[in-house]
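Subject: Structure for you to look at

Dear colleague,

I am handing over the structure below, and after it you will find a short account of what I found. Please keep it open beside this message while you read.

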Amino acid sequence: MVKYILKRILMAAVTVLLIACITFGLMNMVPGGPFLSEKAPSQAVLDALNEKYGLDQPVIVQLKNYLIHAAQGDFGVSFKMQKNRPVTTIISELFPISAKVGAIALVFAVLIGVPIGCIEAYFRGKAVDNALTVISTIGIAIPTFVVATMLLILFGVVWKVLPTVGLTTWQSYLMPCFSLGLYPMCYVARLTRSSMLDAIGQDYIKTARAKGLPTNRIIFKHALRNSLIPVITYLGPLTAYILTGGFVVEKVFSIGGLGRYFIQSLLNRDYPLIMGTTIFLAIIIVTMNLIVDILYKVVDPRINLTKGVD
Amino acid sequence: MRDAMSPGFGSLQPDMESILAMGQCPPFREDDFEPATQSEKETFIEVRKSMSYWQDAWRRLKKNKVAMVALGVIILFLLFAFVGPLFSPYSYEQQIRGAENLASSLAHPFGTDSLGRDLLVRVMYGSRISLAVGVIASLIVLVIGSIYGSVSGYLGGRVDDIMMRIVELIYSIPDVLVVLLLSTVLKVPLQQAFNSNNFFRFLSTLGPGLISIFIVFGMLYWVGMARILRGQILQLKQQEYVTAARALGANSSRIIRRHLLPNCIGQIIVTTMLQIPSAIFLESFLSFLGLGIAAPLASLGSLCSDALNGIYTYPMRLVFPAVILSILILAFNLFGDGLRDALDPRLKK
């Protein structure tokens, strides 16, 4: 088990390193330095600037310096968006806003998606199951920005019942969180349904039934425990989805979180900010995958039994 | 109601009535023991047409109502996107003076945008772009994924180990982040390439966003296909016909091309098919954020993005492309699912 965890951590570290290198390499590919602007500075000024920021050194040395600084939590300063403010400060200011919306959406997706999946499995083949399955299939096919904009039109423009901009009151959380959580919710529901149907076919469920336990207790207690395993493994991709889906939702509802800011920095080519945010988001996603991988082993003891004690 | 003397099916008690009735069968006729005549024999031989794999799959697919409806919708969309513009009096970039910001009417069924462009034609072209992106991206995935997966699975051992480690690594890279980065970074170098080289010029209309989508599909998205194919090939290469082919002197590449890949064709088609909606999804996501297709071309995502600016005054402008995009993705998903059930019935739950 310890060996497995160590292996996973190593793998995650390699991934983060790889992403950092890709990001750095891509940003270096762009012709023209960061100091190029309309009024071209003199060569002496450019040389001085390049020396100050270490840009006169070979790329490999720059990469090494960048990685060392990044490992210490120093991603440099923003070039354009908020001139000379450290990227880390900007991220720590904006990320909590995105994280709040994302966390609510995540909790919503799991807390609603799992029961829906159970209900579908409970009423397998009946009208309730069919209706819910149709809804969750549609929910998977609709892109997040379509859900978000349609909600905006209906509740914000036509009926005017919900605030459309920013996050001021609790009502303003409803639309962003719902549109962000709809796709994962439907996905979780489908996952739960199919793994629940697998579980229901197993012998231990027959035993429980033979003992005379009521059906809803069998489904929601005995079968649910085992059906949750695929849902847990989905939490990794789910986090990645919510972080990137946040870009769209924050754009539609004008929320000043990290997602919207990241897209703006992409459009404005603020390279240190882009690099810092990319690496930061990648670390979150990779860490989440790591936790999920380990959790998966902890939750499902069968995986260890087949492989023996390691 | 059954009486006690004739217990139902599955009962351990003998069914007395039927035992007694056995003796009362009609008496034999005289010709009952004659050898069968030629004409009689022929009526027993039933020639059934042999069914190929594709006919069988098509038969199964036809029974699946949802998949057939989805197929119909896809065909309608193909017509809408590729034939539709021929019947429209406007072009997608034509700006009609004095016809700005029109609501739906007979002349402009979807209305016009703030520059006076007919939205119906723009949506048609947008669907064309979205469909083309989906198909091209999944073809890229098909080629790279199937080559990588089959080589890895066929060679096995150490090579397979290393190749699969690479796949795992690529799998854990957040794809959307890389697409976003690439589309930003590629903008300038691609623009230079377009201007300097005639070969690249025809690509320049697509814009860096689309090209970076293709590059990312080529770099990152093939891993799913590679994994699936590797699993298939690992199973198939143990089969006798592979041993037979090798005994007859076929080399590895011939075995993979002629024997192994054709036997994975179902999996390959289904995976490619399901890649199309995910590519459309990704393209619309990028275009919505303003990093995808370059103006004046439009895709469904960029049309939604354009409409977002005037959402309070012209909400309908957003509804058309958004609904069409959703239906398109839904139809491809449902058809892909149906195709999987038809081509590989073992996978059906």
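A crossing of two helices is called left-handed if the near helix is turned anticlockwise from the far one by less than a right angle, and right-handed if it is turned clockwise. Please also keep in mind that this is a predicted model.

With that definition in hand, we can turn to a pair of helices in chain B. The axes of helix α4 (residues 65-82) of chain B and helix α5 (residues 119-155) of chain B come within 7 Å and cross at roughly 120°. Because angles of 65 to 115 degrees count as roughly perpendicular and those over 145 as roughly antiparallel, α4(B) is oblique to α5(B). The crossing of α4(B) and α5(B) is left-handed. Which residues in α4(B) and α5(B) meet? On the side of α4(B) they are F77(B), F80(B), A81(B) and F82(B), and on the side of α5(B) they are M124(B), S127(B), R128(B) and L131(B). Sorted by class, this contact of α4(B) with α5(B) has 6 nonpolar, 1 polar and 1 charged residues.

Next comes the contact between the two chains, to which chain A gives 39 residues and chain B gives 34 residues. On the side of chain A that touches chain B, the elements giving two or more residues include α1 (2-29), α9 (215-252) and α11 (271-299) of chain A. The largest share of that side, 9 residues, comes from α1(A). By class, the residues on the side of chain A that touches chain B divide into 30 nonpolar, 7 polar and 2 charged.

In the model, residues 135-158 of chain A are 92% helix and 0% strand, with the end C-alpha atoms 24 Å apart, while residues 231-253 of chain A are 96% helix and 0% strand, with the end C-alpha atoms 29 Å apart. In chain B, residues 129-148 are 100% helix and 0% strand, and their end C-alpha atoms lie 28 Å apart; residues 210-229 are likewise 100% helix and 0% strand, with end C-alpha atoms 27 Å apart.

Finally, please look at helix α2 (residues 43-52) of chain A, where the number buried among its 10 residues is 0, so this helix lies largely in the open. α2(A) is followed by G54(A), whose phi is positive, near 75°.

With best wishes

Technical notes:
Residues are numbered from 1 along each chain as its sequence is written. Chains are lettered from A and ligands numbered from 1 in the order in which they are written. This is a predicted model: local features need pLDDT of at least 70, side-chain atom pairs count only at pLDDT 80 or more; totals for chains, interfaces and linings use all residues. A residue is buried if 20 or more other C-beta atoms lie within 10 Å of its own, exposed if 12 or fewer, and partly exposed in between; C-beta atoms are placed from the backbone. Helices (H or I, at least four residues) and strands (E, at least two) are DSSP runs, numbered from the N terminus. Two residues are in contact if their C-beta atoms, placed from the backbone, lie within 7 Å. Ala, Val, Leu, Ile, Met, Phe, Trp, Tyr, Cys and Pro count as nonpolar, Asp, Glu, Lys and Arg as charged, and the others, Gly among them, as polar. Axes are lines fitted to C-alpha atoms, for helices over the stretch in contact, and angles run from 0 to 180 degrees between N-to-C directions. Angles under 35 degrees count as roughly parallel, over 145 as roughly antiparallel, 65 to 115 as roughly perpendicular and the rest as oblique.
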